[in-house]
Amino acid sequence: MAAVAQEGLSGSRRSSRRVKGDTVWRWVVLILAGVFFLLPLWSALRFAGISAFGSVIGFAGFASSLWLSVKLAIITTLITIALMLPTAVYVHLRLPKVRRLLEGITILPIVIPPVVLIVGVLAIAPGFLKSSDLLLALEYVVLAMPFAYRSLDAGLRALDLKTITEASNSLGAGWITTLWRVILPNLRTAMLSAVVLTVALVLGEYTMASLDLYQTFPVWIYVNAQTSGQVSVAASLLALFVTWLFLMLITMIGTRQSRKTGGGQITLFTVARQETRGN
Amino acid sequence: MVQRDRLAVDQTVAALGSLEDPGALGSAAASPSGPRARLTVPAALRWLRRMAGVVPFGAYVTLGLLLPMVAVAVGAFQNNSGGFTLSNVNTATHGIYLHGFWQSIVLSVLASILPGIFGLLIAYAIFTAKRGNLLRQVAITASGVFANFGGVPLAFLFIATLGSGGLATQWLTDLGFNPYNHGFSLYTLAGVVVVYMYFQIPLMVLIILPALEGLRPAWREAAENVGASSFQYWRYVGGPVLFPSFLGCLLLLFGSSLSAYATAEALTNGTIPLTSIQIGSFLNGNVIAGQENVGKALGLGMVVIIAIAMLIYVALQRRAAKWLQ
């Protein structure tokens, strides 16, 4: 008995020492990480100065390049959703065997470097496409596919799709009505996640735009650096904060939504359903 | 149990590995008569109707992804008049371009292993914080933001920090340690690795966290109850469980730094020969006449490198699976 009691005691002392060691260790790691990630932001802020932020807006090309980026983001998002949503729903409902294949295909754009893809695109694109804004948007849809598909896929997996479609059909709804009024409202969080990731991608994409000779916002920042370094750094910080706001927004809305429905935790990569343990 | 909790990235990488024919969907959609001669006509029709729902997607992927890649692969073996030649591949695997491949590979290995380790540490620190903790929430959101940050703005951030006149450089100089006197420069390979860590570490945190969630606290308690030390726990329980996911994450980091273009270009202005930048300069028109298709051969080379990395991953994964049994 005594031995058991003693062992229990030493065991608990050991684990409490471990907990304390863990806490110190955790703070060291997190503080180091904090310095690494915040110091560049602070330096850039110091370098640009507050006044540079005001002059960004008036700089030549700011408005037109930002407008081009926003326009591309809107077109890309519309095409992405129009293409990926019906496909993802259809595959989930009718072709579950194709899901794995689809997952493999949609991850290809992450694996294939954009700089290689644009070489091929420029080699085969017909002339009328090369001279329009549409070509870039069409390729951005390909780049956005991994994120859009994974968001939608995770959202669909969390739904009992078969039951709700059958219920909807038995009430006399057609394909489009079901998609629009039953599935879509249930996928709100997943859609939001897909949209925000797509928008963030388009607003920040530089490689394809610059090689395709478009002056989108990131390209403008770079070109502009030649004339005014401070304004460029200020614009870079602005770009970061805008992305930050976007992503914060989706996390907040998503978390609130899932708290309401009990759906699960939302992360920026996927909308993962939490395991429900114990019930 | 662990299998189920394992990272989605893993599954997709594995799916990619097992993907015998990436064009299967596209070609199935495009060539209706196909090889299914044994099937009766109504069955084939039914099969076709079922496949009809994925035709738009298949067509889009074929036109926007597969055809361009085929064009790159074919173009790599063509001369300017369209005839077959090996001279592009020959040029791409010699001299400055071979050097570029090596530099790219060294950079990507460094910029995947270092952020992989740091990212794992940070992820573990976040993971051990209590659920619903503010710190945890902030760290995860911040990871999402920084992982999506890159390119030109990132380069400028670091020039203002660690450039020769940057803030951190000045502080270090005041402390008597000017990194530029000790062989460091932001505009070299080492500098690029530091800058890449800015988006690679958060990416690692995001993709390894789900795997960490698979480590049950009960296992740790069980290990302690039988008298295991912390080291023993990691050596025999935690490590083996995490290892396959860790490999998968490293592969993703490798690909992400291999294909990064904007950051390196803005930072070094092409002073380091990296393959992605070399390909870009072909598109920008800085080409010697008669070598227009060398860019495509370089592109093909990058795809081959990634394919090899994936094969290594699959082999290691298999070895790890055997080791776990």
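Modeller: Let's start with chain B, where residues 24 or more positions apart make up 78% of the contacts with a separation of 6 or more; two residues are in contact when their C-beta atoms, placed from the backbone, lie within 7 Å. Keep in mind that this is a predicted model, where local features need pLDDT of at least 70 and side-chain atom pairs count only at pLDDT 80 or more, while totals for chains, interfaces and linings use all residues. Residues are numbered from 1 along each chain as its sequence is written, and chains are lettered from A and ligands numbered from 1 in the order in which they are written.

Chain B has 16 helices and zero strands; these are DSSP runs numbered from the N terminus, with helices (H or I) of at least four residues and strands (E) of at least two. Of its 325 residues, 42% count as buried, meaning 20 or more other C-beta atoms lie within 10 Å of a residue's own C-beta, placed from the backbone (12 or fewer is exposed, in between is partly exposed).

Now the place where the chains meet. Here 67 residues of chain B are in contact with 73 residues of chain A. On the chain B side, helix 5 (residues 55-75) gives the largest share, 12 residues. That side has 46 nonpolar, 18 polar and three charged residues, with Ala, Val, Leu, Ile, Met, Phe, Trp, Tyr, Cys and Pro taken as nonpolar, Asp, Glu, Lys and Arg as charged, and the others, Gly among them, as polar.

Zoom in on that helix. The axes of helix 5 (residues 114-124) of chain A and helix 5 of chain B come within 7 Å and cross at roughly 90°; axes are lines fitted to C-alpha atoms, for helices over the stretch in contact, and angles run from 0 to 180 degrees between N-to-C directions. The two helices are therefore roughly perpendicular to each other (65 to 115 degrees; under 35 is roughly parallel, over 145 roughly antiparallel, the rest oblique). Chain A's helix 5 brings residues including Val116(A), Leu117(A), Gly120(A) and Ile124(A), and chain B's helix 5 brings, among them, Leu67(B), Pro68(B), Val72(B) and Gly75(B). By class, this contact has 11 nonpolar, two polar and no charged residues.

Next, the core. The largest nonpolar core has 153 residues, and Leu152(A) and Ile208(B) touch the most other members; such a core is a set of buried Ala, Val, Leu, Ile, Met, Phe, Trp, Tyr and Cys residues joined through C-beta atoms within 7 Å. Helix 11 (residues 189-213) of chain B gives the most to this core, 16 residues. Setting aside neighbours within four places in sequence, Leu152(A) is in contact with Met84(A), Leu85(A), Ala88(A), Leu187(A), Ala190(A) and Ala194(A).

Ala194(A) also turns up where helix 3 of chain A meets helix 10 of chain A, on the helix 10 side. Helix 3 (residues 62-94) and helix 10 (residues 188-204) of chain A pack at about 140°, axes 9 Å apart, and are therefore oblique to each other. By class, their contact has eight nonpolar, five polar and no charged residues. Leu78(A) sits in helix 3 of chain A and counts as partly exposed, with 14 C-beta neighbours inside 10 Å.

Last stop: Pro244(B), in helix 13 (residues 230-259) of chain B. Pro244(B) is buried, with 24 other C-beta atoms within 10 Å.
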